[in-house]
Amino acid sequence: MTDSAPSPAPTRDASVWCPAWQDGFADLGPAFVRDVLPQPLADPYWVGTSAQAGALIGLPEGWQRSPEMLAAFTGNTLLPGSRPVATIYSGHQFGVWAGQLGDGRALLLGQTCGQELQLKGSGRTPFSRMGDGRAVLRSSIREFLCSEAMHALGIPTTRALCVTGSPALVAREELETAAVVTRLAESFIRFGHFEHFAARGHTDELRALADHVIERHYPACRANAGPQRAAYAALLEAVTERTARLLAQWQAVGFCHGVMNTDNMSILGLTLDYGPFQFLDAYDPGHICNHSDAQGRYAFDRQPTVAWWNLHRLAQALMPLIDDVQAAQSALAGYEATLNHAYLALMRAKLGLGAAVQGDDAGLLQQLLALLAADRVDYPIFWRRLSQAVATGDFGAVRDLFLDGAGIDAWLLTYQELLAQQERGFAADLMLRSNPRFVLRNHLAEQAIRAAKLGDFSEVQTLQTLLARPFDEHPGHDAHAGFPPDWAAHLSISCSS
Ligand code: AMP
Ligand code: MG
């Protein structure tokens with residue numbers, strides 16, 4: 001960060017929206033949070049806003065044009081009654097215990113309408129370590145667009161209310177400009193929050209955290225459990241189930257998170273912390289989207305196993321509360337079956353196979369994935385073309401995607417036999433609702449970022465509109481639904497953000 005001159009504290013401005021704050025994470029007490037003021041950024045401007053996310057917290061009409069809101073969501077003023085805090089967590093990064101991390105550049109402003117409101121990129125905190133507490137425009141646009149896109153795809157995720165930018169410079173591989181993303185989630189609690197207190201042997205805090213999560217987010221765990229410690233095993237089981245379902249959705253849509261460290265794993269099973277993520281272009285099961293991940297720990301096809309590993313770290317952290325190895329093991333035991341079941345259900349929908357269709361669906365799917373991988377077929381385009389082909393009965397455009405014509409022909413024969421068990425219109429309809437025409441491919445985000453760096457935010461807005469209804473046709477936007485250009489193959493997305 002080159003704007004290192006001491007910045008004035010943010011001012012309070014009573015003329016802005018007055019949220020009705022609720023008790024929340026900060027009320028857990030000083031062991032969990034540090035009070036921190038955001039550090040103002042010069043000359044802020046709007047980059048993108050989500051009206052839908054604004055409605056979640058009851059923001060007044062026209063907030064996107066309010067200079068007061070711009071100041072508040074850049075961290076230059078405090079919302080009335082807000083008490084910003086940075087939260088403490090630890091975690092395993094790339095499989096190794098990293099010790100204390102914490103919100104190094106995020107601040108929790110408070111909770112309203114059941115949503116925690118968080119600024120990301122609002123300056124240094126006691127947990128910034130060597131970092132500058134800032135986020136750059138590039139990564140902030142990616143997080144903003146992808147959060148809202150995932151939501152529209154029906155995938156659990158933290159939400160993004162807005163991005164604001166500033167001409168203030170931030171040093172990464174090169175000098176870039178600063179931005180702040182305002183995020184919303186029912187909770188930003190991570191596996192790493194639990195690991196933190198467990199590693200220190202602070203069992204009282206660990207219990208308070210678990211009770212907080214159960215009471216607010218998993219009340220059934222207490223209601224259905226007998227002895228106290230059974231509630232904690234039930235919590236582990238519920239988180240295991242949500243995580244398995246989340247991973248099934250990532251794998252089905254072709255989403256690669258890129259940095260599945262335990263501090264990026266949400267206790268609510270949300271997609272959290274958008275960094276070097278990528279939607280697959282060509283189908284390559286071993287695809288590594290994070291340029292910094294030399295070993296491929298977080299390769300696309302390893303994600304389900306990594307989530308399983310991460311759940312074991314959570315289980316370990318909860319052991320002082322569960323206090324029964326057998327109970328913890330059985331809480332984790334459902335992971336694989338839930339994941340496989342959810343994944344197959346999603347893939348059946350992508351194939352247009354309704355409940356009535358009987359046959360070797362899993363075998364058919366495995367054959368298809370092998371064909372897609374062998375020819376590195378574009379993943380989203382394949383599915384959308386297949387949907388269209390089922391609608392029209394003409395499979396030519398699907399065949400054109402493959403070098404191995406005989407292979408796909410044989411597969412299509414078997415597939416059509418299964419499809420024939422139901423009405424064609426039903427299948428096509430299901431497929432067009434299950435196979436998005438638009439996903440946030442790297443090159444699309446990159447084009448929006450390049451324009452935004454020159455002060456043109458129209459492409460951010462266009463993408464936002466397309467991705468908010470990703471299953472619609474949006475005539476006139478063929479390019480946004482097309483193959484990535486050659487230059488996209490050389491895009492390198494690192495952890496730097
Ligand atoms: P991430 O890789 O973004 O999930 O971040 C891992 C840890 O590094 C978290 O504790 C972050 O708060 C912290 N961090 C990442 N970037 C910065 C930054 N620019 N300044 C301070 N802390 C950061
Ligand atoms: Mg993180």
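A backbone N or O atom of Gly104 lies 2.7 Å from an oxygen atom of ligand 1 in this predicted model, a polar contact in the sense of a pair of N or O atoms within 3.5 Å. On the side-chain part, an N or O atom of Asp132 is 3.0 Å from a nitrogen atom of ligand 1, and a polar side-chain atom of Asn264 lies 3.0 Å from an oxygen atom of ligand 1. Of the 480 Å² of accessible area that ligand 1 has on its own, the protein covers 81% (Shrake-Rupley method, 1.4 Å probe).

The shell around ligand 1 comprises two nonpolar, seven polar and eight charged residues, with Gly counted as polar and Asp, Glu, Lys and Arg as charged.

Residues are numbered from 1 along each chain, while chains are lettered from A and ligands numbered from 1 as written. Local features need pLDDT of at least 70 and side-chain atom pairs 80 or more, whereas totals use all residues, and side-chain values use heavy atoms without hydrogens or water.

Definitions and conventions:
A polar contact is a pair of N or O atoms within 3.5 Å; within protein, one must be able to donate a hydrogen and the other to accept it, and residues adjacent in sequence count only if both atoms are side-chain atoms.
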